[in-house]
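Please read this briefing with the structure open beside it.

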Amino acid sequence: MRCRIKICGVTRPEDAVMAAEAGADAIGLVFHPPSRRCVSEAQAARIVAALPPLVSAVGLFLDADTAQVRRIRSAVPLDLLQFHGNESAAFCEQFGDRYIKAVGMAGGDAWAVAREHPAAAGLLLDGHPPGAAGGSGEAFDWHQSLPAEPRIIVAGGLRVDNVAEAVETIRPWGVDCSSGVESAPGIKDRRSIAAFIEEVYRVERHPGD
Ligand SMILES: O=C(O)c1ccccc1N[C@@H]1O[C@H](COP(=O)(O)O)[C@@H](O)[C@H]1O
């Protein structure tokens with residue numbers, strides 16, 4: 001089974017196209033105003049409009065209120081929602097969209113979040129402490145015991161030089177990378193994205209190399 005790849009924190013249409021052309025399965029749009037990668041609705045709509053077919057657009061929220069999520073959903077054609085804060089299952093499910101629930105692995109309990117969100121399409125394990133924002137480039141201990149779940153997405157501090165170890169150790173459904181493929185916050189780097197995606201493909205073809 002091929003490990004899916006999401007490139008998150010995209011702020012420019014050209015970066016979304018570049019990621020898709022390099023092989024990304026999904027791109028992420030951050031709707032969290034304090035983030036340096038936060039996009040406006042208009043910016044997000046332009047990015048999604050530039051995406052080729054069969055590449056998903058994921059909208060990332062962090063403890064946003066219902067009205068904000070609804071407003072953005074109706075302005076931007078998103079394929080999936082990603083909730084990166086302390087959102088309850090009832091909150092996440094109210095929108096009727098498929099969603100990914102993030103777990104802050106620095107002190108977070110992945111089993112508890114998995115139990116609390118049986119309807120989540122994905123469980124994204126990130127390196128940040130629960131309650132803090134993600135996108136900080138912090139990895140978590142991939143060798144710790146994790147829920148045996150088919151829907152795990154590994155995030156947090158992934159880069160071209162460590163993604164192979166994460167994939168080999170956890171064998172996740174997907175990986176998600178933001179700061180590790182940037183030249184500046186929100187500005188994606190073509191070579192880093194291409195190298196990152198190639199590395200995921202390589203480790204799947206030649207595990208253990
Ligand atoms: O990218 C951000 O600014 C951000 C802000 C708030 C919550 C999450 C955020 N990013 C997500 O965090 C993970 C890991 O990112 P990184 O690769 O360690 O930089 C990923 O899903 C980002 O989109």
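The points below are grouped by helix and by helix pair.

The structure is a predicted model. Two packed helices are described by the angle between their axes and the distance between the axes, and the two pairs below are treated in that way.

**Helix H1 against helix H2**
- Helix H1, residues 13-22, packs on helix H2, residues 41-50, at an angle of about 35°, and their axes are 8 Å apart.
- In passing H2, helix H1 makes a right-handed crossing.
- On the H1 side the contact is made by Pro 13, Ala 16 and Val 17, and on the H2 side by Arg 46, Ile 47 and Ala 50.
- By class, the contact of H1 with H2 comprises five nonpolar residues, no polar residues and one charged residue.

**Helix H1 against helix H7**
- The axes of H1 and H7 cross at roughly 30° and come within 9 Å, which makes H1 roughly parallel to H7, since angles under 35 degrees count as such.
- The crossing of H1 and H7 is right-handed.
- Here Met 18, Ala 19 and Ala 22 of H1 meet Arg 190, Ile 193, Ala 194 and Ile 197 of H7, and the residues of this contact divide into six nonpolar, no polar and one charged.

**Helix H6 and its surroundings**
- Within helix H6, residues 163-170, the residues Val 163, Ala 166 and Val 167 are buried.
- Viewed down the axis of H6, these buried residues fall within an arc of 95°, so they line one face of the helix.
- The buried residues of H6 pack against strand S7 (152-154), strand S8 (174-177) and helix H7 (190-205).

Terms used
Residues numbered from 1 in each chain as written. Predicted model: local features only at pLDDT ≥ 70, side-chain atom pairs only at ≥ 80, totals over all residues. Buried ≥ 20, exposed ≤ 12 C-beta atoms within 10 Å, placed from the backbone. Helix = DSSP H or I, 4+ residues; strand = E, 2+ residues; numbered from the N terminus. Arc of directions from axis to C-beta. Contact = placed C-beta atoms within 7 Å. Axes fitted to C-alpha atoms, helices over the stretch in contact; angles between N-to-C directions. Left-handed = near helix turned anticlockwise from the far one by under 90°. Nonpolar A, V, L, I, M, F, W, Y, C, P; charged D, E, K, R; others polar. Parallel < 35°, antiparallel > 145°, perpendicular 65-115°, else oblique.
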